[in-house]
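Subject: Two-chain model for you to look at

Hi,

Here is the structure I promised to send over. Have a look at it first, and then read my notes below.

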Amino acid sequence: MTKELLKGNVAIAEAAVRAGCEAYFGYPITPQTELLEHMSSRMIELGRTFLQAESEVAAINMVYGAAAAGARVMTSSSSPGISLMQEGISYIAGSEVPVVIVDVIRGGPGLGNIQPSQGDYNQVTKSAGHGDFHPIVLAPSTIQEAIDMMGLAFDLADKYRTLVFVVADGSLGQMMEPAELPPMQELRPRPTWSLTGKKDREQNLISSIYLGASLLEEFNRKLQAKLAIIEKNEVRYEAYELEDAEYVVVAFGTAARVAKTAVQTLRRQGIPVGLFRPISLWPFPEQQLTDLADNGRVKGFLVTEMNAGQMLHDVRLAVGRGLPVKFYGRMGGAIPMPEEIETQILNLINPAAQPETTPEGSNGYINR
Amino acid sequence: MQTSIVISGFGGQGVLFAGQLLAYAGMDNGYHVTWIPSYGPEMRGGTANCTVIISDEAIGAPLVNKPDIAVALNLPSFEKYEGLVKPDGLFVINSSIVTAVADRTDVDVVYVPANAIAEKQGSTKMMNMATLGAMLAKRPFLTLDAIKQALRDHLPASKAKLLNANFRVLELGYEAAQQETVA
């Protein structure tokens, strides 16, 4: 296999196809439409199911149905579309069927704009629907990682009978980068629990309704026990230049790419800074950050996100009150530039040294 | 070593394709590359741009504040990028359309009559290749042959009959920039 120059949205779609995605239901929305577009030709070509629904609400319920019937199934959307899907997402969580959802986040709130953002961090990690549950949330920062994550997402969904989100942002969806696609996998058989027709076997039931309080509490207890196992087993992160780091930038997705450039620049100047990049946003790599904070060498953290500070709270919980955790964010579809993050790292190290300036051509930033 | 290039112009001037050719050529010659288009509201005003980064190391940020090279195919792009090119960088201007003259003295500026060159070879649509040729004359981070190979591999089948004309426009852009230096 050789590397090809691939657009993020197309790469994610083709990786899903090759991971044995049997059915796709969706509704177009920028900046993820190329994903749906690629599916519309590839799935048909392969004799699989592609359906452009009349709305996101319809699409997610079709996904629910296909998952209950045992198909490896996914949908994709962008922020407002995910909001519309939330009722169905909660039903899927309550029914414990495996589903993969790709959210290519755009600027919000409201209709917002179509530019890159990480403003849905809280939504996907903590509030993907009503009731007590968390999806597994994976955040790629390169196109190769996004490709590799699609197979992983489907496997995790099956393994735990759970929802898995892959969250990118508009820039990762729209950009092109050399990457290698995996070989084509065969469709997996329908699981034994799925609704395949009860001839010659006991009845299977997929439902999220438990009318008695004790029944529903028992189900919730079981669900929480499963989530606890996921929290134990499925934490993923990248540690970059952390062996001797005294200052740590924490960032995910596109913001982490930008932060990596800033870290490289400052490293060349001899500044001991590193990058901690959560890859699983849920489960969040809390213990690993606590360990960094407690290692006796690290003196401070800078969290940088393309939002007003959402993952920031998870980092602060992990780090505790012993060390400074500063925040730098851009909102509304703006991507920070490496120079901005360099300035913020230098400010963390020596608050008096750097003048605070508003990034060129911007309406400002948010600092916490 | 990392080179960042912004190509900017009207929709239809081949901005995104020219950037993709650079990315393909860079990739095929063993470099790390990223290509990212403008797709937000700035396109609605009729100007499209893309940023290409070619590097011998893994690339972090796919966007830059100040590109090493800016290629302005129209006047709005000239106005937007004149101030943004990095000091000691290169500013390539399509002088067929942009009659303004750059004030910057701390960057290399090259004027190439891209539309005129392309038109003589059969179609102004190939003007983007003249600017790529001019750029590579001044900053040879890729060879003309690398771009030609990328054209061979990626020019849409419907335009295959224009392959040699595209090669010629690329070479003429290169020569125009070289002659400008001599003069």
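To begin with the layout of chain A: the centres of domain 1 and domain 2 of chain A, taken over C-alpha atoms, are separated by 28 Å. Domain 1 covers 4-196 + 205-233 and domain 2 covers 238-367; these bounds come from an automatic or database domain assignment.

A word on what you are looking at: this is a predicted model, in which local features need pLDDT of at least 70 and side-chain atom pairs count only at pLDDT 80 or more, while totals for chains, interfaces and linings use all residues. Residues are numbered from 1 along each chain as its sequence is written, and chains are lettered from A and ligands numbered from 1 in the order in which they are written.

**Between the two domains of chain A**

The contact between these domains takes 25 residues from domain 1 of chain A and 21 residues from domain 2 of chain A; two residues are in contact if their C-beta atoms, placed from the backbone, lie within 7 Å. On the side of domain 1 of chain A that touches domain 2 of chain A, the elements giving two or more residues are helix H5 (121-126), strand E6 (136-138), strand E7 (163-169), helix H7 (170-174) and helix H8 (213-233) of chain A. Helices (H or I, at least four residues) and strands (E, at least two) are DSSP runs, numbered from the N terminus. By class, that side of domain 1 of chain A has twelve nonpolar, eleven polar and two charged residues. Here Ala, Val, Leu, Ile, Met, Phe, Trp, Tyr, Cys and Pro count as nonpolar, Asp, Glu, Lys and Arg as charged, and the others, Gly among them, as polar.

**Chain A as a whole**

Chain A has twelve helices and 15 strands. Its radius of gyration is 21 Å, close to the 21 Å that the globule rule gives for 368 residues, so chain A is as compact as a globular protein of that length. (The radius is taken over C-alpha atoms, and the rule is 2.2 Å times the number of residues to the power 0.38.) The C-alpha trace of chain A spans about 75 × 50 × 40 Å along its principal axes. Of the contacts in chain A with a separation of 6 or more, 79% are between residues 24 or more positions apart.

One open sheet of six strands in chain A has the order E9-E11-E10-E13-E14-E15, with mixed pairing; strands pair if DSSP finds at least two bridges between them. Strand E9 (237-240) and strand E15 (366-367) of chain A are at the edges with a single partner strand each, so one side of each has no neighbour in the sheet. Within this sheet, E13 (residues 300-305) and E14 (residues 325-329) of chain A are parallel and share five bridges, with Phe301(A) opposite Val325(A) in E14(A).

**The largest nonpolar core**

Which residues touch the most other members of the largest nonpolar core? They are Val99(A), Leu138(A), Ala153(A), Val166(A) and Val249(A), out of 178 residues in that core. Such a core is a set of buried Ala, Val, Leu, Ile, Met, Phe, Trp, Tyr and Cys residues joined through C-beta atoms within 7 Å. A residue is buried if 20 or more other C-beta atoms lie within 10 Å of its own, exposed if 12 or fewer, and partly exposed in between, with C-beta atoms placed from the backbone. Beyond its neighbours within four places in sequence, Leu138(A) is in contact with residues including Ala153(A), Val166(A) and Ile279(A).

Chain B has six helices and six strands, in the order β-α-β-β-β-α-β-β-α-α-α-α from the N terminus. Of its 183 residues, 50% count as buried. Strand E1 (residues 2-10) of chain B has seven of its nine residues buried, so E1(B) is largely enclosed by the rest of the structure. E1(B) runs antiparallel to strand E3 (residues 47-55) of chain B, with nine bridges, and Ile5(B) is opposite Val52(B) in E3(B). With strand E4 (residues 69-72) of chain B, E1(B) is parallel, joined by four bridges; there Ile7(B) has Val71(B) as its bridge partner.

The contact between the chains takes 17 residues from chain B and 23 residues from chain A. On the chain B side, E2(B) gives the most, with five residues. That side has twelve nonpolar, five polar and no charged residues.

Best wishes
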